[in-house]
Each structure stands twice: as structure tokens, then as C-alpha cells.
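These are my notebook entries on one protein structure. I set down what I looked up, topic by topic.

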Amino acid sequence: MANDLKGSVWVVDTASATAILTSWARVRKIEWIGATTAGHEAIVQDQNSRVVFRRLAQGANQNLVEQYDGRFGISVNGLIVPTLTSGTIYIHFLQGG
């Protein structure tokens, strides 16, 4: 499967040093689903290298979620997923910016 970067929920299954978003956006929630092995890691950062989400799996088949304020979310200046050793990241954006 390839990254699906459309709509209000983006699905990322491939890490890259290249930005998947290069503008400002508001993120409501980031989920890491299906980490397969203890010690695997997922990192999401903005294009200025500010870490927005960083988790380390403690075991197999672990799901980790970061929920931001439901009304406002967090503002990010671009997004990069430089590290994703297993599983899939779901990035939920606020509608309307």
C-alpha cells in the first residue's frame, strides 16, 4: 500500500525524509496502528524538525494515539514522517483549517 494523502484523514505507511505536507494545517489526532515489535518507533515532525508525535512500541500489535484539543487541534508547519518502522500512521486534520 502507498501513502494516501487525501481528505481529512491521511494514511501513512511509508517513512520518508521528504515532506508530505508543506503548508500550515491543524491536526486533531495522530494514531499509530499495528506496531509489530517492541522497540519499533514512529516519528512525525513538522518541516522545521519540531517533533509532533514520537512513540516507541512496548510490544507487538500495539496501537498508540495522541489526541489534541478537539476544537482547535495543533498547528503544524508542514509534516514529515521520517521514521516508521512498522504499522500505519493516521493523521486526522481539522476540517476548515
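The entries below go from the whole chain to single residues.

**Entry 1: The model.** I note that this is a predicted model, in which local features need pLDDT of at least 70 and side-chain atom pairs count only at pLDDT 80 or more, while totals for chains, interfaces and linings use all residues. Residues are numbered from 1 along each chain as its sequence is written, and side-chain values use heavy atoms, with hydrogens and water left out.

**Entry 2: The elements.** I looked up the secondary structure and found 0 helices and 7 strands. Helices (H or I, at least four residues) and strands (E, at least two) are DSSP runs, numbered from the N terminus. Read from the N terminus, the order is β-β-β-β-β-β-β. The radius of gyration of the protein is 12 Å, close to the 13 Å that the globule rule gives for 97 residues, so the protein is as compact as a globular protein of that length. Here the radius is taken over C-alpha atoms, and the rule is 2.2 Å times the number of residues to the power 0.38.

**Entry 3: Extent, surface and contacts.** I found that the C-alpha trace spans about 35 × 25 × 25 Å along its principal axes. The accessible surface of the protein is about 5100 Å², and 49% of this belongs to carbon and sulfur atoms. Such areas come from the Shrake-Rupley method with a 1.4 Å probe; for residues, only the protein chains shown count as cover. Of the 97 residues, 40% count as buried. Buried means under 20% relative accessible area, exposed over 50%, and partly exposed in between (1.4 Å probe, protein chains only). I then looked up contacts (heavy atoms within 4.5 Å). Among those between residues at least 6 apart in sequence, 70% join residues at least 24 apart.

**Entry 4: Strand β3 and its partners.** I turned to β3, which covers residues 41-45 and has 4 of its 5 residues buried. Two strands pair if DSSP finds at least two bridges between them. β3 and β4 run antiparallel and are joined by 5 bridges. β3 also pairs with β6 (residues 74-84), again in the antiparallel sense, over 3 bridges. I43 shows both pairings: its bridge partner in β4 is R54, and in β6 it stands opposite T83.

**Entry 5: Two positive phi angles.** I recalled that most residues other than glycine have a negative phi. S49 has a positive phi of about 70° although it is not a glycine. S49 lies in the loop between β3 and β4, and this hairpin has 5 residues between its strands. N61 is also a residue other than glycine with a positive phi, near 55°. The place of N61 is the loop between β4 and β5, and N61 counts as exposed at 63% relative accessibility.

**Entry 6: Salt bridges.** I recalled that side chains of opposite charge can pair when their charged atoms come close. How many salt bridges does a search of the whole structure find? The search finds 4, where a salt bridge is a side-chain nitrogen of Lys or Arg within 4 Å of a carboxyl oxygen of Asp or Glu. I recorded several of these pairs.

- K6 and D4 form one, with the closest N and O atoms 3.1 Å apart. K6 is exposed at 61% relative accessibility, whereas D4 is partly exposed at 29%.
- D46 and R50 form another, at 3.4 Å from N to O. D46 is buried, with a relative accessible area of 5%, while R50 is partly exposed at 42%.
- R55 and E66 form a further one, with the closest N and O atoms 2.2 Å apart. This pair links distant parts of the chain, since R55 is in β4 (residues 51-56) and E66 in β5 (residues 62-67), 11 residues apart. R55 is partly exposed at 22%, and E66 is partly exposed at 25%.

**Entry 7: Q95.** Where does Q95 lie? I found Q95 in the segment after β7 (88-93). Q95 is exposed, with a relative accessible area of 65%. The C-alpha atoms of Q95 and S8 are separated by 6.7 Å, although the two residues are 87 apart along the chain.
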